[in-house]
Amino acid sequence: MSQVRNHDGDPWLIRPFRNRAAGPGSAARKRVVAQLAAGTPALPVLIVSLIVLVAVMCGAGTIWLPLLAAGPALAATTGGPRGVLCVGILAAVLGATLGTRDGVPGYELTAVLSALAAVTLASGLASALRGRRERVLAAVRSVAEAAQHALLKPVPATVGPFQVAVRYSAAAAEARIGGDLYALVPTPYGVRLIVGDVRGKGLPAVGTAALVLGVFREAAYDEPDLLAVVDRIERSLARNLGVDDFVTAVVAGYPQAGHLEMVNCGHAPPLLVRESGTVVAVEPSHPAPPLGLRALTDETPGLQVLAFAEGDQLLLYTDGVTEARNHGREFYPLAEGLARHLSDEPAGTLTALHDELLAHVGGRLHDDAALLLLRKPPASASEAAVPGAVSDAGRCSGSRAPSPRDPGPLPRARSTWRPERLPEEVNPWSTA
């Protein structure tokens, strides 16, 4: 008997049987409680608890009970249907307890609880619809992001002999895509690039940008003359655009070492940064209308040749950058900002420039904005970064015959940058 009593008193012999008997049910209840607690938002529960505390302290009967409906209504804005249901049940139980405690008449208590149940059901439905809309929006964003990667392909940090960086911000942040365009490709005729801005916004602008980039990527490989590339884009847009649609763009190429060709079609003048740090606005020597409007004028684009030595940088941008205003309606001084944040790393320069631009406008741009910075590093630096690379753009991208066009003396940019001009000038071909 003593052994039996000793065994009965031994906790190690009793505990396994207790755990075995109570284990499955207890674990299931814990899982259910944990799931409900995880799906229940904390703020609505806090609001319900505060209302109950005030009702207990004041004891005013039905005066405070209708306010319990604020719990599930608030839960619909932050949680899912399960959380709304949990908050509604909690509010109903506490409301019934308070009503019985304070002696509220049965018909009044029934009316309050019925209204609470109706608010809970309506809030649960609203929460389910909100969750569905959020899932649809997430799917649309993912599709838009995939479309942007297909349209505006990521630019590597090094293309041919250049260091490159790109920053792009769409005004429609939900869509992550807009009407600004850029592309930079190595070709048998040297590295070629385009930065442009489509008139308008939304899906029509995206379609036009896709058309321009598709034609550019094909023509850049096929045409030895940069003007022929522009002509092919113009002919394609003339067939596909409406009478009021156009695209401003800068098309540039690097056919041989030290020579940068450029065609400006109604676009904002790029900023050329010499190795000394001097910032120069490259005004077009032969102004031309935007792409798609050539048939309305007698002007044709002209080729501008610039000296582009080692250490020089070229910033191309869209008018969403230069026309960005702060709360005082002041334009963003792009040239001054570029001079402030200039470095030997284009990615670092554009990151600082883009952050300052967002701070200038208060956090969100109201127009699409694109920035593309090109830097020709010294030969020693480029060869160290890319083993076996050569500084001649033609040899880096592929062999080619000498250009049939003799550029002659390389003209320097016509006008030195004057910071006060940019805010006052208005681009006649603005796409805003």
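Analyst: A nonpolar core here is a set of buried Ala, Val, Leu, Ile, Met, Phe, Trp, Tyr and Cys residues joined through side-chain atoms within 4.5 Å, where buried means under 20% relative accessible area, exposed over 50% and partly exposed in between, with a 1.4 Å probe and protein chains only. This is a predicted model, in which local features need pLDDT of at least 70 and side-chain atom pairs count only at pLDDT 80 or more, while totals for chains, interfaces and linings use all residues. Residues are numbered from 1 along each chain as its sequence is written, and side-chain values use heavy atoms, with hydrogens and water left out.

User: OK, which residues have the most contacts inside the largest nonpolar core?

Analyst: Those are Leu-181, Ile-194, Phe-216 and Ile-233, in a core of 56 residues. Its largest share, nine residues, comes from helix α7, residues 202-222; helices (H or I, at least four residues) and strands (E, at least two) are DSSP runs, numbered from the N terminus.

User: What is Ile-194 in contact with, leaving aside its neighbours within four places in sequence?

Analyst: Taking contact as heavy atoms within 4.5 Å, its partners include Leu-181, Phe-216 and Ile-233, along with Val-212, Leu-213, Ala-249, Val-250 and Val-251. There is also a second, separate core of 22 residues, with Leu-315, Val-321, Leu-338 and Leu-350 among them.

User: Switching to the sheet, what is the strand order?

Analyst: The order is β3-β4-β5-β6-β9 in an open sheet of five strands with antiparallel pairing, where two strands pair if DSSP finds at least two bridges between them. β3 (180-187) and β9 (304-307) are the edge strands and have a single partner each, so one side of each has no neighbour in the sheet. Direction ignored, neighbouring strands are turned by 20 degrees against each other on average.

User: How many bridges join β4 to β5?

Analyst: Eight bridges join β4 (residues 190-198) to β5 (residues 247-256); within that pairing, Arg-192 stands opposite Gly-253 and Val-195 stands opposite Val-250. β5 and β6 form a hairpin with two residues between them, and Gly-258 in the turn has a positive phi of about 85 degrees.

User: Is β5 enclosed or left open by the rest of the structure?

Analyst: Nine of the ten residues of β5 are buried, so this strand is largely enclosed by the rest of the structure.

User: And helices: at what angle do α3 and α5 pack?

Analyst: Helix α3 (residues 42-58) and helix α5 (residues 81-101) pack at about 5 degrees with their axes 10 Å apart; axes are lines fitted to C-alpha atoms, for helices over the stretch in contact, and angles run from 0 to 180 degrees between N-to-C directions. That makes the two helices roughly parallel, a label for angles under 35 degrees, with over 145 counted as roughly antiparallel, 65 to 115 as roughly perpendicular and the rest as oblique. The contact includes Val-48 and Val-52 of α3 and Leu-90 and Leu-94 of α5.

User: One last thing, is Leu-296 buried or exposed?

Analyst: Leu-296 counts as exposed, because its relative accessibility is 67%, and this residue is found in the loop between β8 (279-281) and β9.
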